[in-house]
Amino acid sequence: MILFILSLSAILITLPFYFPDLFFLSYFSFIPIFVIIKKSNIKNTFLYGWLFGFIYISISSYWLFYPLDKFSGLNIIFNIFLLILLFGFIGLFYGIWAYITKSIGIGAVRVALSWTGIEFLRYKIISAFPVAYLGYTQSSFKTILQWADIGGIFLISFFVLLINGYIFKLINNRDKKFLIPILILFLIIGSYGMYKVNFSYNNENQDKLSIGIIQTNINQNEKWKTANIEKNINELFNSANNIKDVQLYITPETSLTFDIIRNEYYRNIVFKNMDNYNSYFQFGAQAIKNDPEHVYNSSLLFSTEGKMIDRYNKNRLVAFGEIIPFNKIVNKLTNKKWHSLTAGEKYNIFEINDVKWRTFICSEILYPMLSDNLKDFDFIVNQSNEAWFENGLQKQMWSAAIFRAVESRKTVIKAGNRAISGVIMPSGKIQEMKAVNNINAIKTKITLNKENTFYNKYGNYPGYIALIIVIILYVINSINKFNKNKMGSEKDEEEI
């Protein structure tokens, strides 16, 4: 029965990751696990929280099995074992959350603080796993989403748990007075949210940029075959030909499936095609820089004359996809020679004619906030290749892109292979969207926004605040418990 209740909570929480319009499920999805925490003794609470976390992460991240099974060369049993180990480890954070929640009490504010603090702790400790954050369940609810420009994804998580906490109190205590904080909370969230949803970020007096977004639908097994290099190049320019007269074309991650620095033959084919356009091109490619031993996952910006004028090398690489942990051991297990890509060392801004933009390559869009000081830019580009994950990760990637738009109040341009591509406005509204298997290019004109948000300036402060308060509450509770036990022991001695 306990397993069923824990699974029910986990399923209700994770459904909006795959069906974003079900965001409202998140507002009561924690009630089953609150019941378990309330009725369990302190010794079992950690175990139940861990089990809940394991189920929650397994459902939200099952798609990790696909790239491991199809491309790692590892035995299927070993792949399952690896995922169980990973999900089990991440589940420990939710065991800690349940234990702390039991310790400090299931008050609405306290459960919101404990979840936000522990989720933030998970983000800081396991930053290489930037998925399944609760706030992403709200990407379709534009009203609550607007608060992301103040406190990012962790503030949204706090709100979701706060609503859950008060609804639980309403049901558990059967006291209508808890309707008051629920109504006040929705009034506060709604007032700011509605104002920002209707706030105009599309001022006619602001500068605009015309962009062509190229989307592809190439199977991962076919993508890297040498025989398909020229075919892949032709597909890119055939798409570009349908949307001429734009200032900048953006292609998906690794859309050039050859090293443009070293391979002169295919490089000349690309340049010959570019001669037909008087536009800038931002290509995704894997290429060397100076040392031929180091290959980078790069975004390359070419001028209208076909000259490379800037480059960004992906900083955060995906384990078992772009970088192979324990390389020697994996090579022996798979009887293959795996080569890891090299991570870039810094983030940078692309610029043409005083227009500046940031580029996040594939999974980098999932991170709530990258630790850098690059704030002065006009819009965001995300180039991705999501064919690695079949059809599992795409909606979470799109939800993350929506959050990045609202957090920064910048338009997000997403160009992907087997991904949801399109244009997300600073309000989080969708200007253009193409489904995963749609290969039609998008022509758009975006407004440039140079202003910075409160979140841009101060980052993930809700996570820090929540974590500090939870630690203080736990310490106070532990001291009170110790003193109570001590007084009880002294009283027993006196009676003896």
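I count a contact, or touch, when heavy atoms lie within 4.5 Å.

**Entry 1: ground rules**

I am working on a predicted model, where local features need pLDDT of at least 70, side-chain atom pairs count only at pLDDT 80 or more, and totals for chains, interfaces and linings use all residues. Residues are numbered from 1 along each chain as its sequence is written, and side-chain values use heavy atoms, with hydrogens and water left out.

**Entry 2: Ser421**

I started with Ser421, which is found in strand 10 (residues 421-424). My strands (E, at least two residues) and helices (H or I, at least four) are DSSP runs, numbered from the N terminus. Ser421 is buried, at a relative accessible area of 0%. I call a residue buried under 20% relative accessible area, exposed over 50% and partly exposed in between, with a 1.4 Å probe and protein chains only.

I then looked up what Ser421 touches, leaving out residues up to four places away in sequence. The list is Gln215, Trp398, Lys414, Ala415, Gly416, Glu432, Met433, Lys434 and Ile442. I also checked Ser421 against Trp63: they are 358 residues apart in sequence, and their C-alpha atoms are 20 Å apart in space.

**Entry 3: the whole chain**

I found 16 helices and 12 strands in the protein. The radius of gyration is 25 Å; a compact globule of 496 residues would have one near 23 Å, so the two agree. That radius is taken over C-alpha atoms, and the globule rule is 2.2 Å times the number of residues to the power 0.38. The C-alpha trace spans about 95 × 60 × 35 Å along its principal axes.

Of the 496 residues, 56% count as buried. Among contacts with a separation of 6 or more, 71% come from residues 24 or more positions apart. The protein exposes about 22500 Å², and carbon and sulfur atoms supply 58% of that. These areas come from the Shrake-Rupley method with a 1.4 Å probe; for residues, only the protein chains shown count as cover.

The mean positions of the 51 positive and 37 negative charges are 6 Å apart. Lys and Arg count as positive and Asp and Glu as negative; His and the chain ends are not counted. I placed each charge at NZ of Lys, CZ of Arg, CG of Asp or CD of Glu.

I followed the strands in order. Two strands pair if DSSP finds at least two bridges between them. Strand 6 (residues 349-352) has alternating side chains.

Strand 6 joins strand 7 through 4 bridges, and the two run antiparallel. Ile352 has Val355 in strand 7 as its bridge partner. The two strands form a hairpin with 2 residues between them, and Asn353 in the turn has a positive phi of about 50°.

Strand 7 (residues 355-361) pairs with strand 8 in the parallel sense over 5 bridges. Ile361 stands opposite Gln383 in strand 8. On the other pairing, 7 bridges join strand 8 to strand 9 (residues 411-417), again parallel. Here Asn385 stands opposite Asn417.

Which residues of strand 8 point each way? Phe379, Val381, Gln383 and Asn385 go one way, and Ile380, Asn382 and Ser384 go the other. In strand 8 (residues 379-385), 7 of 7 residues are buried.

**Entry 4: loops and positive phi**

I checked Cys362, in the loop between strand 7 and strand 8. Its phi is positive, about 50°, although Cys362 is not a glycine. Cys362 is buried, at 7% relative accessible area.

Ala132 sits in the loop between helix 6 (108-125) and helix 7 (142-145). Ala132 has a phi near 65°, positive in a residue other than glycine. Ala132 is buried at 0%.

Tyr136 is in the loop between helix 6 and helix 7. Is Tyr136 buried or exposed? At 2% relative accessibility, Tyr136 is buried. Tyr136 and Phe17 are 119 residues apart along the chain, yet their C-alpha atoms are separated by 7.0 Å. Not counting residues up to four places away, the contacts of Tyr136 include Phe17, Leu366, Phe403 and Arg404.
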